[in-house]
Amino acid sequence: MGPTQPTDSSTGPLYRASLRLFDRLPPTLDLRDEVQLDSLLATADALLSRVDGDQALEAMECLLAATPDDWPLTAHVAVKLARSKARLAALDGPLHLSVVLPVYGEHERILRPHEHPLGEGFLDRKLRQLDWLIGPRARSRFELLVVDDGCPNGSGALAEEILASRHRAAEARVLYLRDALKQRLPVVSGLHSTDESRKGGAVQLGLFAATQVIRPGHVVLYTDADLSTHLGQTGLLLDALARPGIRLAAGSRRAKQSVVVKGAGRSARGRLFIYLWKQLLPELAYLEDTQCGFKAMHARTAAALSASPRERGFAFDLELLLRTELSQRRSIASVPIAWIDSEAASTTTELSPYLPMLRSAARLYRHHLHTRPTAEAFARVIEQLDDPTWAAAIERIGPRLEALDPRLDRETRPFAPEALLDAAA
């Protein structure tokens, strides 16, 4: 049975036009298929040539969101990309975009699909995505900063080889955390070895390096190495940054208009993590998603955030967001994006990142915020947890959070600190 056409007269013509445009798209998107990924860009360009302005694209996005099962995944992503390019084109002034890409344990995904079963060729794809988006815009340029924070498999060296052999004209360079330690750069103050960094040290070094020279229209973005987030959506972040009072734009996988395809088993532990950090750091409770690896900020903000960081692990996002929020209230924009899980060669284990991040959130609470009874009680429980008790808490409490709004605002109280302690026993 085909899609059921809406009866609303204003939606009907748009629906029919969408049907014709998306009729031949594949139902799913293979992140490792270069032909599919290039056809996705072609579809976005076709949308821009056929649809009249961003308002029409927004109406199309709302239509797809209202009838999600009627459309292939590629249609949802293509509309996001088209809106991104349209919004970028509408912005005034020059643009210099510095993209920070941390690589640790990415020696397999950095290879192309024909070179390794888990290969994504992500370096080639990201440069292609940025060139598609930024290349045609006047007075615009981008640079890619790949940062290796001690990969034992030589991800940084592989990146250098790929850039030298296939992307000589690209403005791209590879940085090593070990070199920053030898040079005693201020951004690595307090670090004694690369072993103490878990992504955070790499991103912080990238922010520091990108802002040594700040140019007109300079924006710094960091993203994950995998292909889960298409960099063609960067225009959505840049548009949000152009709003008055916004210092940082954060991609969100949990907003109403987000498009998400994720692997099984993440929801319970993810929601429990969200609920707990919001009890510790309620200043950030208006954000749906703190951990999405797709954030952009003005270069001066990036320079300030790379000064004297405390968290070098996966909780560096929380510190970055909290420091931004404390410097100016409500200065973070949450931007709905398309995100397709790329778990095949994930560099994080199933459970390990969340408990360390919660411990880090407790440290951030104690360092940056005033003592609060509820936050203090949750912090004390979290500091008592270990891997087995954390797993028990996920199993017993996680399902209870399924029915809650994913934003899990600060007023939500599905359980008390004592209940967490009992569940973990």
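**View 1. Ala303 in helix α11 of the predicted model.** Ala303 is part of helix α11, which spans residues 299-305. The coordinates shown here and in the other views come from a predicted model. Ala303 is partly exposed, because its relative accessible area of 26% lies between the limits of 20% and 50%. Lys256 is 47 residues away from Ala303 along the chain, and the C-alpha atoms of the two residues are separated by 32 Å.

**View 2. The largest nonpolar core and the surroundings of Leu47.** The largest nonpolar core has 71 residues, and Phe22, Leu47 and Leu123 touch the most other members. Helix α4 (residues 73-90) supplies the largest share of this core, nine residues. Leaving aside residues up to four places away in sequence, Leu47 touches Leu21, Phe22, Leu57, Met60, Ala78, Val79 and Ala82. Another core, of 66 residues, lies apart from it; among its members are Leu145, Val188, Leu287 and Ala361. In soluble globular proteins, nonpolar side chains tend to be buried together.

**View 3. The salt bridge between Asp38 and Arg128.** The side chains of Asp38 and Arg128 meet in a salt bridge, with an N to O distance of 3.1 Å. Asp38 belongs to helix α2 (residues 34-50) and Arg128 to helix α5 (residues 122-134), so the pair ties together parts that are 90 residues apart in sequence. Asp38 is partly exposed at a relative accessible area of 29%, and Arg128 is partly exposed at 33%.

**View 4. The salt bridge between Arg173 and Glu143.** In this pair the closest N and O atoms of Arg173 and Glu143 are 3.9 Å apart. Arg173 sits in strand β3 (residues 172-176) and Glu143 in strand β2 (residues 140-148); the pair links distant parts of the chain, 30 residues apart. Arg173 is partly exposed, with a relative accessible area of 35%, whereas Glu143 is buried at 5%.

**View 5. The salt bridge between Asp289 and Arg253.** A salt bridge with an N to O distance of 2.6 Å joins the side chains of Asp289 and Arg253. Both partners are in loops: Asp289 between α10 (267-280) and β7 (294-298), Arg253 between β5 (248-252) and β6 (259-261), 36 residues apart. Asp289 is buried at 5% relative accessibility, while Arg253 is partly exposed at 23%.

View 6. The model has 23 salt bridges. Side chains of opposite charge can pair when their charged atoms come close.

**View 7. The seven-stranded sheet.** The sheet is open, with strand order β3-β2-β1-β4-β7-β5-β8 and mixed pairing. Strands β3 and β8 (332-336) stand at the edges with a single partner strand each, so one side of each has no neighbour in the sheet. On average, neighbouring strands are turned by 20° against each other, direction ignored. The pairing of β5 and β8 is parallel and covers five bridges. Ser252 stands opposite Pro336, a residue of β8.

**View 8. Helices α6 and α9 against the sheet.** Helix α6 (residues 155-166) lies across β1 (95-103), β2 and β3, and runs at about 165° to β3. Helix α9 (residues 234-241) also packs on the sheet, touching β1, β4 (218-223), β5, β7 and β8. The direction of α9 makes about 35° with that of β7.

Conventions
Residues numbered from 1 in each chain as written. Predicted model: local features only at pLDDT ≥ 70, side-chain atom pairs only at ≥ 80, totals over all residues. Heavy atoms only, no water. Helix = DSSP H or I, 4+ residues; strand = E, 2+ residues; numbered from the N terminus. Buried < 20%, exposed > 50% of the residue type's maximum accessible area, 1.4 Å probe, protein only. Core = buried A, V, L, I, M, F, W, Y, C linked by side-chain atoms within 4.5 Å. Contact = heavy atoms within 4.5 Å. Salt bridge = Lys/Arg side-chain N within 4 Å of Asp/Glu carboxyl O. Pairing = 2+ DSSP bridges. Axes fitted to C-alpha atoms, helices over the stretch in contact; angles between N-to-C directions.
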